[in-house]
Structures are given as C-alpha cells and as structure tokens.
Amino acid sequence: SVWALGKNRHRWKIQLGAALASNPFLMNFLHGKISRGGLKAVCVPGLNCYSCPAAAASCPIGALQAVTGSSKFQITYYVMGFLILAGVLLGRAVCGFLCPFGWFQELLHKIPTRKFGTRRLHPLTWLKYGILVLFVIVLPMTVVNEVGMGDPFFCKYLCPAGILEGGIPLAIADESIRASLGALFTWKSCILLGVATLSAFCYRPFCKWLCPLGAFYGLFNRISVCRLEVDGDKCTACGACSRVCKMDVEVFRTPNHSECIRCGDCVSACPHGAIHTTFSLKTAQRKKETTA
C-alpha cells in the first residue's frame, strides 16, 4: 500500500512533533536539570542527547555505547532490538522525519546563503560507518572498567548534538558547570560550530558523513518496510529525481540507497509520477519475483 507522504509539504510538522515528543520538559532548561524519570530507560529513534534538560528518554547511540560488550546488562539486547526494529520498519526515514538534530541541520540550511552540492564528496559518506564501528562498538567494547562498561566514546568526543542539547544549556544554567569547562568542551563546541556552519551551505553534512545512527539505519534501507518504489513502465530515466535529491542519490537507479532519508522530494519532482513511497512488505517480494 502507498504510504501517504505526498509532497511532504508538511514534513516539518512531523519533525517538530518528533522533536517536542523527544524533549517535552522544556521548563528544565530554566533550571539546568536533567530529567531522570522512568522513560530514560527507553530510547527515542533519533539522535537526541540523554543530557538534554528537556529530554524524556535516552539516545539509542548513547545507550548502546554504555553497555556494549557486556551480556550482564539486559538493556544491551533491548537497545539492539529497538534499533533493528526501527531499521527494519523505517530505515533512514527515521533520519528524515524523527531526528531532532537532522531537523536542526535542515533549518540552518534554510539560511539564505549560496548552496553547494556534495556529490563529489560522496566517498566521505563511508566515514560514518567507520565511526559506527570504532567509536560505538570497538572502543566501548574493548576499553572498559571493572564492571564491564566502557566510556561513551562517540558521545564524549564527537557528538555535536550532545553539546548543543546538553552541554551548552547546562553550562548556561549552572555556574558550577561553567567553572569546570575545559578543553573537551571547547573541542566539541568547535565540532558543533563546524557542522552548523557547513549546514548553512551543504545539506545535512553531519547526517551524510559523521552520524553513526544514520549509518546503522542505512544498512536496512534496502529491506525496510518503508521504501521507495520506481514504476519501470512510467520511468524514463530523465534524472529529474536525482537532480532534486539533496542526499546525492540517483533515485531512478537505486531508489533504496543507504543515503536516502525518504524525504519525498523525488516523489514530487518526478514528471511522470513514477516514484512512490510505500509502506509494505509486498514491495520487496514483488521485486524479487520480477528479477527472478
């Protein structure tokens, strides 16, 4: 069945709703306090820092790092199961609709500046897979303390969402935190500044090149229930879909490429109505039958 995303003129409303659902405790920004309610035991699908004062739940990447490599913690299986379920159902549609930091980059991209394409920088998209393996899996699994828990290396050293949502608001609200800021805060602030600056000129640079969560969901794009379908009888390979794709995907050739965030721009750009966003288990089966 066709998933009614249409032209996605209202996609920003879903993104806003997801951001507010992930961060409902907005008054906590005034007090500089982190919510520690029962919901912190569960994860949201997008990149949203545990330490954000407004956050109701945990970031899946942060939770995964915290317990990677230790079968003593049942949450290991829960987090992996949650991520796999989200990947199988939605793939990188999570990035396009449910990730607050992805939306943050999109808002910055609306700043009226000269825009630059990133198609020539496509090899950099592999960097996020290296970050996923090294910072989210290998280091937390091998560099552990006496109870088998490793540092959240990605969150601690690289994640710009953490400094935006957690580090800066907490530092503003709490004088003691401000007094203890050091080189690590400066380093991560520079990463955030770099990502924010690039976002004004390039579409979602962090999502394309650095995000381990996007890398993980991208692994499921070709098999996810939410997917793009190209009608071969209508498609003329005119390339209109590829020209509007800000994630640099040649949609008519690889509609379910690992970089596709299901934003729907290609659906509305196709002059022949050949591209559809579907939410169905039957699509993949039909594809197998036609190629057999």
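Trainee: Hi! Quick one to start: is Asp 248 buried or exposed?
Mentor: Asp 248 is buried, with a relative accessible area of 16%. Buried means under 20% relative accessible area, exposed means over 50%, and partly exposed is in between (1.4 Å probe, protein chains only). Before we go on, this is a predicted model, where local features need pLDDT of at least 70, side-chain atom pairs count only at pLDDT 80 or more, and totals for chains, interfaces and linings use all residues. Residues are numbered from 1 along each chain as its sequence is written, and side-chain values use heavy atoms, with hydrogens and water left out.

Trainee: Thanks! Where is Asp 248?
Mentor: Asp 248 is in the loop between helix H14 (240-244) and helix H15 (265-269). Its phi is positive, about 65°, although Asp 248 is not a glycine. Arg 262 lies in that loop between H14 and H15 too. The phi of Arg 262 is near 60°, a positive value in a residue other than glycine, and Arg 262 is buried, with a relative accessible area of 1%.

Trainee: Let's zoom out. How many helices and strands does the protein chain have?
Mentor: There are 16 helices and two strands in the protein chain. Helices (H or I, at least four residues) and strands (E, at least two) are DSSP runs, numbered from the N terminus. Of the 292 residues in the protein chain, 47% are buried.

Trainee: And what about contacts between residues at least 6 apart in sequence?
Mentor: Among those contacts in the protein chain, 76% join residues at least 24 apart. Contact here means heavy atoms within 4.5 Å.

Trainee: Can we look at helix packing? How do you describe two packed helices?
Mentor: By the angle between their axes and the distance between the axes. Axes are lines fitted to C-alpha atoms, for helices over the stretch in contact, and angles run from 0 to 180 degrees between N-to-C directions.

Trainee: OK, at what angle do the axes of H3 and H7 cross?
Mentor: The axes of helix H3 (residues 60-67) and helix H7 (residues 127-142) cross at roughly 20° and come within 8 Å. That makes H3 roughly parallel to H7. For the wording, under 35 degrees is roughly parallel, over 145 roughly antiparallel, 65 to 115 roughly perpendicular and the rest oblique.

Trainee: Which residues make that contact?
Mentor: Ile 61, Leu 64 and Gln 65 come from H3, and Phe 135, Val 136 and Pro 140 from H7. By class, the contact of H3 with H7 has five nonpolar, one polar and no charged residues. Here Ala, Val, Leu, Ile, Met, Phe, Trp, Tyr, Cys and Pro count as nonpolar, Asp, Glu, Lys and Arg as charged, and the others, Gly among them, as polar.

Trainee: New topic: how do H6 and H9 cross, and at what angle?
Mentor: The axes of H6 and H9 come within 10 Å and cross at roughly 90°. That makes H6 roughly perpendicular to H9. Pro 100, Phe 101 and Phe 104 of H6 make the contact with Pro 160, Ala 161, Leu 164 and Glu 165 of H9.

Trainee: What angle do H9 and H11 pack at?
Mentor: About 115°, with the axes of H9 and H11 8 Å apart. Among the residues that meet are Leu 164 and Ile 168 in H9 and Ile 191 and Leu 192 in H11.

Trainee: Last one! Which residues of H11 are buried?
Mentor: Lys 188, Ile 191, Leu 192, Val 195, Ser 199 and Ala 200. What covers them includes helix H6 (100-109), helix H8 (153-157), helix H9 (160-173) and helix H12 (205-209).
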